[in-house]
Amino acid sequence: MLEHGNSFDSFKQHQLQPLVEGSLSEADVQLRLLEEQRHILKLEEGDFSQDLLGADFLQRRLHPPFSCPDMSPSPTVPTSVEFVKAADVKVIAALGDSLTTAIGANGSTILAIPFEFRQVSWSIGGYGTFQNVITLANIFKLFNPKLMFPSPVMTLHGTATTVNKTGFNFAITGHNTLNVSDQIRTMIDTFKSYPGLNFQEDWKVVTMLIGMNDICDYCKNKELFSPDSFIHYMTAALDMMMNEIPRTIVNVVQILPMKPLREVQSPVLGCDLQRSFCSCLVQPEEGSPELEELVEINYEFQRRLKKLLDSDRFFKKDFAAVLQPYLEVAQPPRLPDGKIDVSFFTADCFHFTVKGHEELAKGLWNNMFQPEGGKEMIKTFSEPINLICPTQEHPYIYTRPRVFNGSSAPLMKDFSINMLMLMFLFFGFDYL
């Protein structure tokens with residue numbers, strides 16, 4: 001074990017040399033990382049922050065300020081989910097897996113992979129301000145500075161933590177869809193007991209992105225991680241929230257097309273971890289039946305999720321679950337020569353860096369203020385996303401499902417015709 005105060009250079013030299021030389025197997029690499037992750041915290045921060053954590057956010061170039069013509073709350077607290085402005089939202093939360101815990105997101109080496117940089121997570125990170133790092137929570141903080149409870153700090157995967165460290169980021173690294181209801185139960189219990197949170201009255205925004213691990217594990221258990229299983233657990237999760245949490249808008253973010261992640265490669269040790277993070281995706285040969293089956297399963301997950309939410313099932317006066325589809329066809333960022341821009345990916349060649357998290361956050365915010373049928377799809381992360389403002393005509397988060405938008409006009413037309421016929425029957429004979 002390293003003693004407190006040893007230099008980090010010494011740590012790298014003695015602990016990582018076998019990994020660099022390739023004398024350890026893949027299993028040994030994973031075991032060594034797990035053994036050493038706890039020792040890292042014992043080092044003096046000054047010794048390892050540069051290598052492990054990357055540049056300090058406060059020393060980065062600040063993002064330009066973002067403001068909108070109307071950033072005020074409603075005159076009174078809205079009672080309908082259809083009329084919630086950004087400034088009306090009092091609580092923000094997140095559910096999911098390692099993409100939402102932000103594994104390795106601000107790290108510069110493989111040693112950062114066990115660390116969950118929740119404070120910069122795309123949907124819930126609360127580090128600094130919008131100008132320091134763009135997250136959905138930091139955008140909402142521009143409209144409501146008292147927003148509860150963006151993630152404030154990083155955590156270490158596999159160690160006990162508290163809500164004071166995670167904020168309302170209830171995501172757990174490694175979770176599949178079958179685990180998400182456990183996260184929701186924890187969220188509900190926390191909401192009910194958290195000081196200053198009015199469970200019945202406060203409007204809440206919850207973002208959920210989960211299912212990628214199901215795809216990564218599909219070949220290990222095709223029944224447990226099937227599309228049927230995926231949609232069963234998603235339905236149960238949304239039912240739980242709708243039945244138990246008042247005044248809530250749930251962003252259900254569409255799953256990424258995952259095959260392009262196979263192209264994220266770099267001549268570093270960390271990329272070998274892809275084979276353990278997502279073996280069912282990474283290990284099959286290009287063009288193999290196994291890979292083709294997995295790609296089709298990925299698309300089926302997307303289709304089934306869209307079908308589930310393309311209705312009014314999860315819509316009532318004080319609750320709405322909305323599919324935010326902006327990632328549905330997204331392709332990875334590429335350099336001018338066509339190669340993957342690895343600056344968007346962590347040292348494991350799988351998860352997103354802060355740079356990627358910021359684009360995820362901007363895409364989600366935009367989708368929230370775009371109507372059904374008009375939500376933008378990200379085609380490639382190569383082109384930075386420009387944030388939009390709520391419009392003067394519709395300053396609210398869009399929640400009304402398409403079943404109403406698409407069918408209300410014909411229904412009203414039939415209703416009007418029927419009313420005219422009834423009026424004629426009752427009153428028309430007086431004029432004959």
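Buried means under 20% relative accessible area, exposed means over 50%, and partly exposed lies in between, with a 1.4 Å probe and protein chains only. Helices (H or I, at least four residues) and strands (E, at least two) are DSSP runs, numbered from the N terminus.

The model is predicted, so local features need pLDDT of at least 70 and side-chain atom pairs count only at pLDDT 80 or more, while totals for chains, interfaces and linings use all residues. Residues are numbered from 1 along each chain as its sequence is written, and side-chain values use heavy atoms, with hydrogens and water left out.

I will start with helix α5. How many of the eight residues of helix α5 are buried? Six are, so α5, residues 136-143, is largely enclosed by the rest of the structure. The buried ones are Leu136, Ala137, Asn138, Ile139, Phe140 and Phe143. Contact means heavy atoms within 4.5 Å. The elements covering these buried residues include β1 (89-96), β4 (203-209), β5 and α13 (354-368).

Next, the pair α5 and α13. Two packed helices are described by the angle between their axes and the distance between the axes. Here the axes are lines fitted to C-alpha atoms, for helices over the stretch in contact, and angles run from 0 to 180 degrees between N-to-C directions. For α5 and α13 the angle is about 50 degrees, and the axes are 8 Å apart. That makes α5 oblique to α13. The cut-offs are under 35 degrees for roughly parallel, over 145 for roughly antiparallel, 65 to 115 for roughly perpendicular, and oblique for the rest.

Which residues meet there? From α5 they are Leu136, Ile139, Phe140 and Phe143, and from α13 they are Ala361, Leu364, Trp365 and Met368. By class, this contact of α5 with α13 has eight nonpolar, no polar and no charged residues. Nonpolar covers Ala, Val, Leu, Ile, Met, Phe, Trp, Tyr, Cys and Pro; charged covers Asp, Glu, Lys and Arg; the others, Gly among them, are polar.

Leaving aside neighbours within four places in sequence, methionine 368 is in contact with Leu136, Phe140, Val205, Asn251, Gln324, Ile397 and Tyr398. Methionine 368 and valine 322 are 46 residues apart in sequence, yet 8.6 Å apart in space, C-alpha to C-alpha.

On to helix α12. The buried residues of α12 are Leu291, Leu294, Ile297, Asn298, Phe301, Gln302, Leu305, Leu308 and Leu309. They cover an arc of only 135 degrees around the axis, which puts them on the same side of α12. The arc is that of the directions from the helix axis to the C-beta atoms. On the other side of α12, Pro289, Glu292 and Lys307 are exposed. The buried residues of α12 pack against α8 (212-216), α9 (227-244), β5 (248-253), α11 (279-282) and β7 (319-324).

Last, some backbone details. Alanine 102, in the loop between α4 (98-101) and β2 (115-116), has a positive phi of about 65 degrees although it is not a glycine. Arginine 247, in the loop between α9 and β5, is not a glycine either, and has a positive phi of about 50 degrees. At 11% relative accessibility, arginine 247 counts as buried. A cis peptide bond joins methionine 148 and phenylalanine 149, with omega about -10 degrees. Phenylalanine 149 lies in the loop between α5 and β3 (155-156).
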